[in-house]
Amino acid sequence: MLEVITGFAATSGFSAITWRQIVMIIAACILLYLAIKKDFEPLLLLPIGFGMLLTNLPLAGMMADQINTMEIIATDPATNSIHYINHLASPGGLLGYFFLLDEQGIIPPLIFMGVGAMTDFGPLIANPKSLLLGAAAQLGIFLTFVGAILLGFNGAEAGSIGIIGGADGPTSIYLSSKLAPHLLGPIAVAAYSYMALVPIIQPPIMRALTTEKERLIRMPQMRPVSKTEKIIFPVVVTLVVSLTLPSAAPLIGMLMFGNLLQESGVTQRLSKTAQNEFMNILTILLGLGVGASASAEVFLTAGTLKIMGLGIVAFSVGTGTGVLLAKFMNLFLSEGNKINPLIGSAGVSAVPMAARVSNVVGQSYDPGNFLLMNAMGPNVSGVIGSAVAAGVLLTLFQ
């Protein structure tokens, strides 16, 4: 009886748990707390936190790799061919298959399709100047790229780390899966963590870089955008961007395809599926897979600390450069057409969180100043900008 009890105890997770796994389990619980109690992007943080919890359970094998063995049954010297039977020695962990969809770059473009179906590019079409604000916010990516090089990362790794500054989780996963798969876990967790913390990170930067007079600027109402313009836009963007940067085609193509499903008016059933059921399924798979990549062995390293630090720098710089460009543009705009610099922070592609933050901060100074639709212009242009930046980095380093 004692041997049975001893044997059972030896197979339990309690006997094998390490201090590193305990630290990661605590970190997972913190993410769950932020998602449930503080309501910080629960659709992202709850699956990520629980995936992190599961992958750090000792002996559970949730992220175990699939192992195959090959049995040679015949050889043909004449054709130099080998006939064999493939035996599945280990089926792999459940979350390992979820993560494989991220690692192979499958889920991120599909997420982009759902985002496109939920996105209205009308504010960008109505105010093309906002495209510049979205582009300016991507400077955080390239400045952080330089910083990562100085810290000892190679070009591909630095590009994958820098893309965190775009505040776009799917793009970060897609790029790192192509350029630096060994860093995919820390980069994905950093990108989604900072996306969820947009309401905390951005406001202090926005206030520090603007005056109260600038925060009170009321922007003119945008012109109506025709249905024809909204239909032509995704087709033109797909052609221009994909012909210029073919490596950006999977992200841009799926983003614009999803948008065309919505704007065409003839595929509402497909659009609703992309926005709801399909997007929800992808979010669950993506979140669990991202969280599962944060195992103690991979995550608790000096390199991960560098990535997390560079990520916050990238995100902060992207926020700041968008605000500063808006201030610079105001030097050349007439009094009635000036831009409220707060919307420049929405140039990072955390849609629609960053636009909402711009609106909330603006209304804290003037409750009657509604900046949301104006902020959506740079916000959706940031989605395009981050995909373009990823295409540039892929072209340079793949």
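## Salt bridges

A salt bridge is taken here as a side-chain nitrogen of Lys or Arg within 4 Å of a carboxyl oxygen of Asp or Glu. In this predicted model, Lys327 and Glu214 form such a salt bridge, with their closest N and O atoms 2.8 Å apart. This pair links distant parts of the chain, since Lys327 belongs to helix H19 and Glu214 to helix H13 (residues 212–215), 113 residues apart. Lys327 counts as partly exposed at 22% relative accessibility, whereas Glu214, with a relative accessible area of 17%, is buried.

By this rule the count comes to four salt bridges, and another of them brings together the side chains of Lys230 and Asp120 at 3.3 Å, N to O. Lys230 lies in helix H14 (residues 227–244) and Asp120 in the loop between H5 and helix H6 (122–126), so the pair ties together parts that are 110 residues apart in sequence. Lys230 is buried, because its relative accessibility of 18% falls under the 20% cut-off, while Asp120 is partly exposed, with a relative accessible area of 29%. A salt bridge also joins Asp366 to Arg218, the closest N and O atoms being 2.9 Å apart. Here the linked parts are the loop between H20 and H21, which holds Asp366, and the loop between H13 and H14, which holds Arg218, 148 residues apart. Asp366 counts as buried at 16% relative accessibility, but Arg218 counts as exposed at 51%.

## The nonpolar core

In soluble globular proteins, nonpolar side chains tend to be buried together. The largest nonpolar core of this model has 106 residues, and those with the most contacts inside it are Phe121 and Ile161. Leaving aside its neighbours within four places in sequence, Phe121 is in contact with Phe233, Leu255, Met256, Asn259, Val380 and Ile384.

## The largest pocket

The largest pocket has a volume of about 860 Å³. Its lining is made up of 34 residues, of which Val115, Met118, Met279, Val351 and Pro352 lie nearest the centre of the pocket. By residue class, the lining divides into 23 nonpolar, seven polar and four charged residues.

Several helices contribute to this lining: H3, helix H5 (107–118), helix H10 (169–179), helix H11 (184–196), helix H17 (277–292), H20 and helix H21 (372–397) each supply at least two residues. The largest share, five residues, comes from H17.

## Backbone features

Most residues other than glycine have a negative phi, and most peptide bonds are trans. Against this background, the bond joining Val351 and Pro352 is a cis peptide bond, with omega about -10°. Pro352 is placed in the loop between helix H19 (302–330) and helix H20 (353–365), and both Val351 and Pro352 are among the lining residues nearest the centre of the largest pocket.

Asp39 lies in the loop between helix H2 (19–36) and helix H3 (42–55), and Leu59 is found in the loop between H3 and strand E1 (67–76). Asp39 counts as exposed at 55% relative accessibility, and Leu59, although nonpolar by residue class, likewise counts as exposed, at 58%.

Terms used:
Residues are numbered from 1 along each chain as its sequence is written. This is a predicted model: local features need pLDDT of at least 70, side-chain atom pairs count only at pLDDT 80 or more; totals for chains, interfaces and linings use all residues. Side-chain values use heavy atoms; hydrogens and water are left out. Helices (H or I, at least four residues) and strands (E, at least two) are DSSP runs, numbered from the N terminus. Buried means under 20% relative accessible area, exposed over 50%, partly exposed in between (1.4 Å probe, protein chains only). On a 1 Å grid over the protein atoms alone, a cavity is a set of points where a 1.4 Å probe fits but cannot get out, and a pocket is an open set with protein on both sides within 12 Å along at least five of seven lines; lining residues have an atom within 4 Å of a point. Grid points are joined across faces, edges and corners, and a volume is the space filled by probe spheres set on the points. A nonpolar core is a set of buried Ala, Val, Leu, Ile, Met, Phe, Trp, Tyr and Cys residues joined through side-chain atoms within 4.5 Å. Contact means heavy atoms within 4.5 Å.
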